[in-house]
Amino acid sequence: MDTFKTSHFVVVILMVLAIGIILNEPLRVEANYRDRCGRLIASTRGRKGWNRTSAAMTCDRSPRVCRLKGSSGRACCRKRCVDLRTNKLNCGRCGKSCQYSEICCNGYCVNPMFDKRHCGGCFKKCNKGISCAYGMCSYA
């Protein structure tokens, strides 16, 4: 009976702490954000004081949108801002996609499972004379 009371007390305390953390978290409302298509959505105030959102710009119409702080990349590919150095679907240039087992490292498609210059990830180099197998240097 005593362990039941103790475990019940611990559960109640954890629930109170979780609710306190959730309620203490400030609500964040962004003035500008990007939707799934990469469009910059701007919140504007209407005549009667209500907020209205509208699609302000897309990068195909204004490529400078991709240079804004917080953008996902500096290049515009298919109406989306992308980083050509790391984007697997646009590696090095728009539309050049890497194969299933490859990743994009500095604009080049590499296989991190067997490339000794990118063993297990970008720029993880194996020591001289050591091979890369299954993403690990000197596997066997």
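Is Cys104 buried or exposed in this structure, and at what relative accessibility? In this predicted model, Cys104 has a relative accessibility of 5% and therefore counts as buried, since buried means under 20% relative accessible area.

Cys104 also takes part in a disulfide with Cys91, the two sulfur atoms lying 2.2 Å apart. The torsion about this S-S bond is about 85°, so the disulfide of Cys91 and Cys104 is right-handed. Because Cys91 sits in the loop between E5 and E6 while Cys104 belongs to strand E6, the pair ties together parts that are 13 residues apart in sequence. Cys91, at 0% relative accessibility, counts as buried.

Another of them joins Cys77 and Cys94, whose sulfur atoms are 1.9 Å apart, and here the torsion about the S-S bond is about -75°, so the disulfide is left-handed. Cys77 lies in strand E4, residues 75-77, and Cys94 in the loop between strand E5 (80-82) and strand E6 (103-105), so that this bond ties together parts 17 residues apart in sequence. Cys77 is buried, with a relative accessible area of 6%, whereas Cys94 is partly exposed, with a relative accessible area of 40%.

Cys119 is in the loop between strand E7 (108-110) and strand E8 (132-133), and Cys132 is in strand E8, 13 residues apart. Cys119 counts as buried at 5% relative accessibility, and Cys132 is buried with a relative accessible area of 8%.

Key
Residues are numbered from 1 along each chain as its sequence is written. This is a predicted model: local features need pLDDT of at least 70, side-chain atom pairs count only at pLDDT 80 or more; totals for chains, interfaces and linings use all residues. Side-chain values use heavy atoms; hydrogens and water are left out. A disulfide is a pair of cysteine sulfur atoms within 2.5 Å. Helices (H or I, at least four residues) and strands (E, at least two) are DSSP runs, numbered from the N terminus. Buried means under 20% relative accessible area, exposed over 50%, partly exposed in between (1.4 Å probe, protein chains only).
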